[in-house]
Amino acid sequence: MSTQTLIYLFVGASFALYIGIAIWTRAGSTKEFYVAGGGVNPVVNGMATAADWMSAASFLSMAGLIAFSGYDGSVYLMGWTGGFVMLALLLAPYLRKFGQFTVPDFIGTRYYSSVARTVAVVCLIFISFTYIAGQMRGVGIVFSRFLDVPINTGVIIGMGIVFIYSVLGGMKGITYTQVAQFCVLIFAYMVPAFFISALVTGNPIPQLGLGSTVNDGSGTFVLQRLDESLQMMGFPAYTDGAKSRIDVFCITAALMVGTAGLPHVIVRFFTVPKASDARKSAGWALLFIALLYTTAPAVAAFARLNFNGSVAGTPYAEAPGWFTNWERNGLIAFTDRNGDGVMNVANGDPFTGTPAFAPGVGPSGERLVSNPPLPGNANEVYVDKDIMVLANPEIAGLPGWVIALVAAGGLAAALSTAAGLLLVISTAVSHDLLKSTFRPNISEKNELRAARIAATCAILVAGVLGIYPPGWVAQVVAFAFGLAASSLFPVIFMGIFSKRMNKEGAIAGMVAGLSVTFLYIGWFKLWNPDASTADDWFLGISPEGFGFVGMLVNFAVALLVSRFTPPPPPEIGRLVESIRVPRGAGEAHAH
Amino acid sequence: MPEDDARTASADAYWKANVRLLLTLMAIWFAVSFGAGILFRDALDRFAIGGFPLGFWFAQQGSIYVFVALIFFYHWKMKRIERRHDLDD
């Protein structure tokens, strides 16, 4: 069978599986729709959380980012896993004991204030939509490269699939679909990694292969070989990176705290039967996530090694097949600055932004690019970092079914995260806004209908974002984590660990943390991107890492304001005491 | 009521034990990631395990293994503390 047939087969079979599960696990009540009935086995929930959490960014982009940034890529590895320790130890069991449906539920009740609840809902909706836009781009990339359909058609197919199982099944349908998606995505990630590790180092376990010697009899270690070849081309060493220490520190911290504050992850821990299950479930989730996250740095290093070997310094006429395949999709470009027909790779960008292709071909047969070359470096090759994982099986010359598997895995990663996000958005609208704020007497049947309508609207908005990606999408991913870190995490944490924290402190903290982070990221990313250099940053902290500073501001303001305002009423003290002990959690309930 | 007082005292002792455990585990969490992987990386990079400079290994591999172990240890230890204070679920 041809690779193309295999791709249709694998992707089609996985889609059929997801829809089958969705029909089998339809939600019949709001409790099933919001928290899957509250009786999900902690290991199953851990697996669903892993799929929910690992998005198109983890599956497609992360290894590519690490491949081209070396040590600096560690911020994603530590940041996106370390947050689960904070979640399991500091938040999840207590929120489960609290026992309602949503994060704004907790904030609104603990701080006895509908203002606090509304601020939380606004943060949640903004964070989730920013995130969804990224998933849609992932779906579009996979479809356009592997299924030969236009990106827009791909996005519409993807939306249709998510629509079926999230509107029909709610949290219950999503949970069991995500279990299937986790299996597909982890298998799709590991198989090529085993092959490539064996090919490069002779050791098939990628985590060990990364620390082994290159399989060419030279006795040189993989990382040593990478350092040497990169330094020869004028790059910093792979194991050194280029970011300042304070920036690495702050980005890691912002990603960790942001992870712990992401509503679509937190809400997964409302679905297990007991408070202690929330801890156990977080452990399993991180174990499943760690499988991919400890493999990714190995995949990254091997990909960079292969790239250096087969592209850098090779004449375009002898470029490998995958190179020209991706050039056809516009995600790779070669601009022959010095006219020697050789693909020279050096430190720096060949031109600004993404390639704008001109009609016709150059002297070596390459697609012509109309972007003016960026002076000051000799680099001639543009690579979209998102393609490294997808191109890897082709780069390593693996059989067609592995390529088909990776296509299905990328779609599983993007769709599972999109579904989880759509669910928190629809819950926020139907439960937190409609039921808790505007129409407390709404019947369960109508609330469930409202949740389904809200999910449908959210899918349509996400689809529009995927088809007409606003230029700012890639620029504002920092927003999602920065805002989660600076707004939601501190108030939830203080709501559990401090009995004295009152509504004035919490609201002032959220507003202060949110505003400084919003203004800082907005200034450097949207309104004045030219000024975004390390010299202009506050203490050298990039916008990606500023969520950490925003978190500190939130804590400081909240503690200060709460000292000068009246303490919370006595029933709040009793509420905090009751969420601190695990006994008597029962199932999640409506109030 | 004396019964209530006993229950409150037990809950207080439980909470103190929990916070103590949290402080220890969060200190380890900080040490392996921000410590070994970022702040003291250069010093650790002078040592190697296999082909990994040690600081680089903590940043891209080791810290993640420790994170997983921390959560499972916390789960196990808390179960014991909860049973001792008769507050388990």
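Residues are numbered from 1 along each chain as its sequence is written, and chains are lettered from A, with ligands numbered from 1, in the order in which they are written. Because the model is predicted, local features need pLDDT of at least 70 and side-chain atom pairs count only at pLDDT 80 or more, while totals for chains, interfaces and linings use all residues.

**Domains of chain A**

Chain A is assigned domain 1 (3-307 + 398-580) and domain 2 (308-385); the bounds come from an automatic or database domain assignment. Between the C-alpha centres of domain 1 and domain 2 of chain A the distance is 33 Å. The contact between them involves 14 residues of domain 1 of chain A and 10 residues of domain 2 of chain A, two residues being in contact if their C-beta atoms, placed from the backbone, lie within 7 Å. On the domain 1 side, the elements that give two or more residues are α4 (56-69), α7 (114-146) and α13 (275-310) of chain A. Helices (H or I, at least four residues) and strands (E, at least two) are DSSP runs, numbered from the N terminus. By class, the side of domain 1 of chain A that touches domain 2 of chain A has 6 nonpolar, 6 polar and 2 charged residues. Here Ala, Val, Leu, Ile, Met, Phe, Trp, Tyr, Cys and Pro count as nonpolar, Asp, Glu, Lys and Arg as charged, and the others, Gly among them, as polar.

**The largest nonpolar core**

A nonpolar core is a set of buried Ala, Val, Leu, Ile, Met, Phe, Trp, Tyr and Cys residues joined through C-beta atoms within 7 Å. A residue is buried if 20 or more other C-beta atoms, placed from the backbone, lie within 10 Å of its own, exposed if 12 or fewer, and partly exposed in between. The largest such core has 231 residues, and Leu185(A), Ala407(A) and Leu422(A) have the most contacts inside it. Helix α16 (residues 400-438) of chain A supplies the largest share, 21 residues. At least three residues of the core come from each of domain 1 and domain 2 of chain A. Not counting residues up to four places away in sequence, Leu422(A) touches Val162(A), Ser166(A), Ala455(A), Ala458(A), Ile459(A) and Ala462(A).

**Chain B and its interface with chain A**

Chain B contains 3 helices and 2 strands, in the order α-α-β-β-α along the sequence. Its radius of gyration is 19 Å, whereas a compact globule of 89 residues would have one near 12 Å; the radius is taken over C-alpha atoms, and the globule rule is 2.2 Å times the number of residues to the power 0.38. The C-alpha trace of chain B spans about 65 × 20 × 15 Å along its principal axes. Of the 89 residues in chain B, 36% are buried.

In the interface, 35 residues of chain B are in contact with 42 residues of chain A. On the chain B side, α1 (2-39), β2 (52-53) and α3 (54-84) are the elements that give two or more residues. The most come from α3(B), with 16 residues. The chain B side divides into 23 nonpolar, 8 polar and 4 charged residues.

**Selected residues**

| Residue | Burial | Other C-beta atoms within 10 Å |
|---|---|---|
| Met86(A) | buried | 21 |

Met86(A) sits in helix α5 (residues 74-98) of chain A. Its contacts, not counting residues up to four places away in sequence, are Leu91(A), Met256(A), Val257(A) and Ala260(A). Tyr112(A) is in the loop between α6 (103-110) and α7 of chain A and has a positive phi of about 35° although it is not a glycine. Asp86(B), in the segment after α3 of chain B, also has a positive phi, near 55°.

**Helix α21 of chain A**

In helix α21 (residues 570-580) of chain A, the buried residues are Ile572(A), Val576(A), Ile579(A) and Arg580(A). They lie on the same side of α21(A) because they cover an arc of only 105° around the axis, the arc being that of the directions from the helix axis to the C-beta atoms. Pro570(A), Glu571(A) and Arg574(A) are exposed on the other side of α21(A).
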